[in-house]
Amino acid sequence: MAVTLADVAARARVSAATVSRVLSGNYPVAESTRARVLRAVDELEYVVNGPASALAAATSDLVGVLVNDIADPFFGIIAGAVQSEMGSAMGAESGRHGEKLAVICNTGGSPERELNYLTLLQRQRAAAVVLTGGAVEHPDHMAAVAAKASRLASSGTRVVLCGRPPIEDAVTLTFDNRGGARRLTEHLLALGHRRIGYVAGPAERTTTRDRLEGHRAAMSAAGLDEGTQRLTVHGLYDRSSGYDATLELLRREQGLTAIVAANDTIALGVCAALRDQGLRIPDDVSVAGFDDLPFSADAVPALTTVRLPLHEAGARAGRLALGREPQPPGGVAMVRSELMARASTAPPRAAT
């Protein structure tokens, strides 16, 4: 039996009129009451009635794209590519595969906001949901996301993950973060570097773990396990974190000859800090990043990095979300990475 407004009201211990006000958003409601109503909606999996056309089709023309930070080029490129696929879907089958409205949901890295957006998209009977970037590795949150994805899929919503670990009831495009990071560190080792610092992202993100594991696997294979933890500094995926982490690494190891950054934006901060300390790139310290964002090749010197085909991955995620491309075998496909060796890395002076 379908859950009704009255069921939600009973669970939240409020009137049906209060539930309606919370869901419409047109009337002021105490925050504690609002939270109680939304919790009841979530627990009962109540879905708000949408337009008649949405009810007839089971889903609407809405596609939700969840990103950590739309100002970050990594997410902007993926979201833009997904959105382009939504707008180019018009054709003879427009009633089924026509143009969709892509809504970008900026989570700001908040696990709670991510879950809230998934609930809102279920209420709106979204045709598809695309979740991008690394996931938070807390077991409770991962279980909650998997449960939300299952509910969405059971109501006819396609769920696509782009750059996240696979879960049931979702098609997944995984990024070769671990392999790319390993090849990047192997490149520095081949140049002769042994004292290599690493600036990682937030410790609780899957992308951070995978890239750090790749770096440490290369160091371990070279017999350089000792000191890798001491020469790892965690921060956010932004420029200021790269700057601050570099100062800390220089304090910990004066003989540092190379620094690997978990992404290109961090690498910009690394370069700025080295210059402010009077160090030359790559003469004194080599620098490498990850992602091959548009500015990487134009940095001075051009940044050695690992290229992820972000636009292509986003476009494919969009097609999968629309059902315009067959699902990969097992529902999971790996997006390969490529080492881009440029002028920001060179052999250390002692090795020349």
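Where is the place of Leu-224? Leu-224 is in the loop between α10 (206-221) and β7 (232-234). Helices here are DSSP runs of H or I, at least four residues, and strands are runs of E, at least two, numbered from the N terminus.

Some ground rules. This is a predicted model, where local features need pLDDT of at least 70, side-chain atom pairs count only at pLDDT 80 or more, and totals for chains, interfaces and linings use all residues. Residues are numbered from 1 along each chain as its sequence is written, and side-chain values use heavy atoms, with hydrogens and water left out.

Back to Leu-224. Set aside its neighbours within four places in sequence, and Leu-224 contacts Leu-189, Arg-194 and Met-219. Contact means heavy atoms within 4.5 Å. Gly-108 is 116 residues apart from Leu-224 along the chain, and their C-alpha atoms are separated by 36 Å.

Next, helix α1, residues 5-12. Its buried residues are Val-8, Ala-9 and Ala-12. Seen down the axis, they fall within an arc of 100 degrees, so they line one face of α1. That arc is taken from the directions from the helix axis to the C-beta atoms. Buried means under 20% relative accessible area, exposed over 50%, partly exposed in between, with a 1.4 Å probe and protein chains only. Just after α1, Arg-13 has a positive phi of about 60 degrees.

Last, the cysteines. Cys-105 is buried, at 5% relative accessible area. Cys-271 is buried too, at 8%.
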